[in-house]
Each structure stands twice: as C-alpha cells, then as structure tokens.
Amino acid sequence: MGSIGEPDPEINHTKPPGIRFIESVKRSPISYKTHQAIVLIVTFFAYLSYHATRKTTSIVKSALDPQSPDTNLKSPFSWRTAYSHKPLEATRNSWVLGSGWAPFNGSDGTALLGELDVSFLFVYAMGMYFSGHVGDRMDLRKFLTIGMVGTGLFTVLFGVGYWANIHFFYYYLIVQMLAGLFQSTGWPSVVAVVGNWFGKRKRGLIMGIWNAHTSLGNITGSVVASVLLKYGWGWSMVVPGLGIAFVGVMLFCFLPVSPDAVGASVDDDDEDELKKDGGEITEPLLRAKSDDRGAVGFLEAWRIPGVAPFSLCLFFSKLVAYTFLYWLPFYISHTAIEGRYLSNEEAGNLSTLFDVGGVVGGILAGHISDRLNARAITAASFMYCAIPALFFYRNYGHVSMTLNIVLMLITGMFVNGPYALITTAVSADLGTHSSLKGNPRALATVTAIIDGTGSIGAAIGPLLTGYISAKSWSAVFTMLMGAALVAGLLLTRLVVAEVAAKIRGPEECSRTRPARVVEV
C-alpha cells in the first residue's frame with residue numbers, strides 16, 4: 001500500500017466538476033451528508049427523466065393509431081347507447097382520434113405498435129445484463145451520462161419522423177431498439193450509486209420514497225407529451241428527449257459516485273447527528289476497503305439465495321406494470337367513460353393517476369416490508385391484491401369518472417408496489433448478501449439480473465397486448481390477472497420461509513435477511 005498522500009491526485013481527478021466548483025466557492029470540503037443529499041437528488045431526477053422519455057410512446061400511440069373504440073363493455077353508458085344514432089366510423093374519426101400516421105393507422109396498426117414496444121423492451125432487457133456487468137467495472141458517472149445523452153438522441157430521432165414525413169416502419173423500429181439499449185444503462189447504475197452511499201436502516205422506506213422517481217417520471221412524461229400532442233406528435237418525443245440529455249449533462253457535473261471517489265468521510269458533527277437518528281443510515285452498503293476484489297460473475301450472482309425467485313416474480317410483475325405503462329392511455333381513449341370518449345390529451349392526463357397510486361404503493365410496500373422484516377410476504381400480498389383490483393377496474397371503471405379514478409389509484413398501488421420493492425430494497429438486500437462476504441462489486445450485477453429478467457416480461461406484456469387487444473380488452477385483463485397470480489406464487493417458498501422464521505422467533509427472523517456488510 002502507498003502512503004496516505006498518494007491517492008489524492010486520483011481522488012481530485014474523479015471528483016465531478018460541479019463538486020469541485022462548489023468546494024472552491026465554499027473554500028472547504030462538502031460534508032458527507034451533503035454528498036448524500038446530492039446523490040439522492042441527482043439520481044432521482046436522472047431516473048425520473050429516463051421514465052419520462054419511456055412513457056411518451058404510450059401517449060403518442062393514440063395519435064399514431066386511431067383504432068376503433070372498445071365495444072366489449074356491457075353498460076347503460078356504453079357507446080352503443082350514447083352514439084347509436086351515428087355511424088361508428090364517423091364518430092371515431094370526427095372528433096377524438098384523428099386520421100393517424102402511416103404505417104400505424106392501418107388494420108395492423110395496433111400489432112405494429114406492439115412490435116415497437118417489444119423491440120424496445122427486449123433490447124432494454126438484454127442491455128440490462130450487459131450494463132450491470134459494465135457498471136461494476138467503470139466510472140458510473142460517465143456511464144450514466146453516455147446512457148442519458150444516447151437516450152435523448154434516439155427519442156428525438158423518433159420525433160423527427162413527424163417533420164421528415166417518415167412512414168417507413170423499420171426506421172421507428174431501429175430507433176426504438178437503440179433507445180432501449182441506452183435506456184438499459186440507467187437502473188443498475190443509479191441503484192449502485194445509491195448503494196455506495198446509504199446503509200440498511202429503513203432501506204425499504206428510503207428506497208420506496210426514492211423510487212417515486214419511476215411513477216413521477218411516468219406522470220411527467222404523460223403530462224408533457226399530452227400537452228404537446230396538439231401541436232404535433234413529434235413534439236411529444238423531441239422535448240422529453242432534449243430534457244433527458246440536459247439532465248445527463250447535469251449528472252456528469254454533480255454526481256459523486258462513491259465516498260472513496262470524492263474523498264468523503266463522516267465528520268464528528270455528522271456522526272453525532274446521525275447517532276441521534278439511529279446511526280446506521282450513513283453506513284454504505286458496500287465498503288471501500290473491499291474494492292480490490294474482482295467483480296462478481298454473472299452465474300455466481302444468479303446463485304445468490306433469493307435472486308432467481310425474485311427475478312422470476314419481477315418478470316410477471318413488470319409484465320403487468322409495463323402493459324399499463326404502454327397501453328393505459330390508449331385503452332382509456334378507446335373506452336367510453338360515462339358514455340363519453342376522452343380526447344388523447346385527456347386520456348394521457350387521466351392515466352397519470354395510475355402512477356400516483358404507484359407512488360403510494362411503492363412507499364407503502366417499502367414501509368410494510370421494513371416493519372414486518374419480510375420482503376417476500378409483502379411483495380406476494382400486493383400481487384394477490386392486484387388481481388381483484390384489475391378485475392374491478394376492467395368491469396366497473398367505465399361506469400363513472402369518479403369510480404374510474406378510485407379504481408385506477410388502487411390498481412396502481414397494488415401493481416407498482418411490489419415492482420418498486422423488488423427493484424430497489426430487495427435488489428440492494430441481495431446485492432449485499434452475506435454470501436458475498438462484503439464484496440462491493442456485485443450490486444449493479446445483481447440489480448441488472450433482477451431488473452433485466454423483469455424487463456423481458458415487460459417486453460412480452462405490451463407485445464401480447466398489441467395482438468390480444470385487437471380482439472378483446474377483456475382477454476388482456478384476464479392475461480394480466482393470471483400474470484399477477486403467477487408472480488405471487490413464485491414467492492411461495494420464500495413466503496413460507498419468512499413465516500416459519502417469524503414463528504420461531506425474532507432471532508431466526510433476522511437470519512432470513514442478508515447480514516450487515518463489514519469492513520475487511
């Protein structure tokens with residue numbers, strides 16, 4: 001080992017320029033807690049922008065493909081009653097849906113949109129495995145910046161098709177695939193960065209609140225795209241694309257990847273204050289003195305207890321969540337609520353309530369899992385509760401606007417709750433599992449495996465919906481209820497283990513969770 005002074009040039013070199021500027025103005029180093037605040041804020045807005053750009057295609061769909069309204073619902077408020085005096089085609093084209101955009105406005109338009117979704121999400125899922133592997137081996141600040149600027153570029157290129165009058169399907173397909181590749185850099189990297197700075201105390205609650213960026217990103221993307229849609233659907237893609245590129249530049253300027261990289265340590269004042277709050281929150285998940293060990297291999301990460309069942313559970317959980325992410329505005333705009341079809345903008349704005357419920361669900365799932373010390377029980381319970389929520393939303397959501405809003409909030413809470421829990425607190429638990437013996441170079445890989453597997457399900461759900469919805473939306477909801485059931489059942493063994501541990505007592509219960517990572 002070298003002398004204490006030797007690492008200084010490297011530490012200064014890896015400090016983000018924004019941090020160096022702030023410290024030069026202050027004429028003193030930034031405190032550890034300030035670094036933590038910067039990490040939470042920067043990663044929050046970074047992943048919010050990832051999801052905002054991902055959400056825009058679901059809003060644009062209804063402008064690209066003005067498909068016939070949903071006529072399967074039996075209700076006194078159905079379109080048959082409200083518009084029985086008008087031909088369906090005239091009603092459809094005259095005031096709500098427009099003429100569409102070739103090649104998506106043909107008879108196979110819905111299927112083509114489904115193929116765009118699956119191409120994006122398949123490349124995203126495959127890229128996730130690769131990104132986690134790379135993320136454990138390079139500077140995450142640079143890696144995230146490249147991913148965000150690349151995502152912005154290809155989101156903008158999709159929108160450019162509007163002004164360039166491009167009607168070639170494979171142009172949009174290739175652009176979406178490349179956007180999916182750059183999108184895959186986001187999640188493993190932000191989880192790894194947060195894991196470098198925060199410990200295990202109240203991890204479920206903290207990460208549940210932090211994970212609100214997913215739903216808030218969806219809401220932001222929906223609102224921005226919906227408002228801009230009336231000026232031309234190209235703007236709904238270009239503006240969010242420019243937004244994520246800007247946030248990527250800000251991230252490059254300010255994100256401290258780890259305490260080691262910026263030479264941060266807990267000072268006496270911070271330590272005293274943190275002890276009053278319970279102490280453990282500032283201990284990083286991963287300790288710097290283990291950095292000399294090699295990164296965990298892909299197959300080795302799969303063997304960590306709990307990774308496989310939670311990954312498969314997330315496969316079906318994200319199948320449900322991403323079907324709503326990509327198809328909910330389309331479904332709303334083609335379903336009469338109180339006998340009236342909403343415009344594309346109204347449908348996009350209404351769909352944001354699903355994500356509002358998702359914010360509540362993510363925080364609630366994290367808090368409950370912390371209180372019960374039982375991740376699997378919490379995740380499985382939410383998935384089982386999602387089944388009746390989906391049933392009631394499909395069958396009664398069209399009766400009135402109030403009922404639609406209430407049922408959408410409840411459905412969003414139960415669908416997004418376990419999805420948020422597994423991709424945050426559970427991934428962090430497993431990425432610091434006791435079997436890793438404190439190795440810090442596993443968190444991004446484990447996160448990538450879990451979310452990458454889930455993203456394959458996220459690709460399959462929207463694809464199947466594109467084909468099935470052309471026949472029946474009721475069949476789509478049946479598929480989603482079946483997926484939620486399977487997701488819960490996949491955690492049965494872990495649920496049984498957690499229940500058995502609680503019966504045996506608190507000492508045994510504590511052994512079902514990963515041991516604290518210690519400095520070695």
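Here is a walk through the chain, stop by stop.

**Before you click**

This is a predicted model, where local features need pLDDT of at least 70 and side-chain atom pairs count only at pLDDT 80 or more, while totals for chains, interfaces and linings use all residues. Residues are numbered from 1 along each chain as its sequence is written, and side-chain values use heavy atoms, with hydrogens and water left out.

**The whole chain**

Start with the cartoon view: the chain has 23 helices and zero strands. Helices (H or I, at least four residues) and strands (E, at least two) are DSSP runs, numbered from the N terminus. Of the 520 residues, 58% are buried; buried means under 20% relative accessible area, exposed over 50%, and partly exposed in between (1.4 Å probe, protein chains only). Take the contacts between residues at least 6 apart in sequence, and 85% of them join residues at least 24 apart. Contact here means heavy atoms within 4.5 Å.

**The cores**

Next, select Phe104, Trp233 and Ile332, the residues with the most contacts inside the largest nonpolar core, which has 82 residues. Helix α16 (residues 307-333) gives the most to this core, 16 residues. A nonpolar core is a set of buried Ala, Val, Leu, Ile, Met, Phe, Trp, Tyr and Cys residues joined through side-chain atoms within 4.5 Å. As background, nonpolar side chains in soluble globular proteins tend to be buried together.

**Trp233 and its rings**

Zoom in on Trp233, which is buried at a relative accessible area of 5%. Which residues does Trp233 contact, leaving aside its neighbours within four places in sequence? Show Val60, Ala63, Leu64, Trp101, Phe158, Gly159, Gly161, Tyr162 and Tyr172.

Now display the rings; the structure holds 35 aromatic pairs. Rings of Phe, Tyr and Trp (its six-membered ring) pair if their centres lie within 6.5 Å, with planes under 30 degrees apart counted as stacked, over 60 as edge-to-face and the rest as tilted. Tyr162 and Trp233 make an edge-to-face pair, 5.5 Å centre to centre with 70° between the planes. Tyr162 sits in helix α7 (residues 140-163) and Trp233 in helix α12 (residues 233-254), so the pair ties together parts 71 residues apart in sequence. Tyr162 itself is partly exposed, with a relative accessible area of 27%.

Slide over to Phe168 and Tyr170: their ring centres are 5.7 Å apart and their planes are at 55°, so this pair is tilted. Phe168 counts as exposed at 53% relative accessibility, and Tyr170 as partly exposed at 48%. One aromatic cluster takes in both of these pairs, along with residues including Trp101, Phe104 and Trp235.

**Lys61**

Go to Lys61 in helix α3 (residues 32-64). Is Lys61 buried or exposed? Lys61 is buried, with a relative accessible area of 2%. Leaving aside neighbours within four places in sequence, Lys61 contacts Leu113, Asp117, Tyr326, Trp327 and Phe330.

**Loop stops**

Select Ser400, in the loop between α18 (375-396) and α19 (401-431). Ser400 is buried at 19% relative accessible area and, not counting residues up to four places away in sequence, touches Ile337 and Glu338. Glu338, in the loop between α16 and α17, has a positive phi near 55° without being a glycine.

Finish with the Ala102 to Pro103 peptide bond, which is cis, with omega near 10°. Pro103 is in the loop between α5 and α6. For context, most residues other than glycine have a negative phi, and most peptide bonds are trans.
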